[in-house]
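Me: I have a structure open and want to learn how to read its side-chain features. Can you walk me through a few?

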Amino acid sequence: KTLVGQTPTPLSLLSLTQQRTVRGKNANVYTAIGGNGMTQLGRMGSGRPMERMREIDWLEARFAEAVMLYRQNMPKVPFTQAGIDGLRPVLQNVVDVGLARAVLGPLATSTSGQTSIITLPRIGDVSSADKALGNLPSVAITVQLAGSIVTMVGCRAKPLVPFDTST
């Protein structure tokens, strides 16, 4: 990822010990690769890959936007089973966009390529207190983050055409 206003440090200026220290602290370096500035090593302080956090943030923002648009485009969302069921295609659309953008992949536990499990409560299972407050509890969306390939272990590049060293 290019960082505006930052100058990348050539990775060659960091010793192997310094690079290992950065990895050990779950830090990142900003280096130039092919003339482009890129963050490297991709971990947050917690050890979680940065890419995963971007995927989670993207997903949460898109779900919130979709539900807000659903509410804005209706005179009101009735607290009925039909109102609750109307959320399912809204949430599924976000999942579909996530799949198209490679933010999500098929569920790892699915043998049929299932991409999500969206669980919405039945109206009879919602307490009167939640109904009075307009709270819809027990909404659960199970998805699989696609993640990203960061390194390739054991990969050796081979030219498609052998180099001509005779000239």
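Reply: We take salt bridges, then one serine. This is a predicted model, where local features need pLDDT of at least 70, side-chain atom pairs count only at pLDDT 80 or more, and totals for chains, interfaces and linings use all residues. Residues are numbered from 1 along each chain as its sequence is written, and side-chain values use heavy atoms, with hydrogens and water left out.

Me: How many salt bridges does the count come to?

Reply: Side chains of opposite charge can pair when their charged atoms come close. A salt bridge is a side-chain nitrogen of Lys or Arg within 4 Å of a carboxyl oxygen of Asp or Glu. By this rule there are two. Arg 54 pairs with Glu 51, closest N and O atoms 2.8 Å apart. Arg 62 pairs with Glu 65, 2.8 Å from N to O.

Me: Where do Arg 62 and Glu 65 lie?

Reply: Helices are DSSP runs (H or I, at least four residues), and strands are too (E, at least two), numbered from the N terminus. Arg 62 and Glu 65 both lie in helix α2, three residues apart, about one turn. Arg 54 and Glu 51 are also three residues apart in helix α2 (residues 50-72).

Me: Is Ser 116 buried or exposed?

Reply: Buried means under 20% relative accessible area, exposed over 50%, partly exposed in between (1.4 Å probe, protein chains only). Ser 116 has 8%, so it is buried. Arg 54, at 38%, is partly exposed.

Me: Which residues is Ser 116 in contact with, leaving aside its neighbours within four places in sequence?

Reply: Contact means heavy atoms within 4.5 Å. The residues are Gln 92, Val 95, Leu 107, Thr 142 and Val 143.
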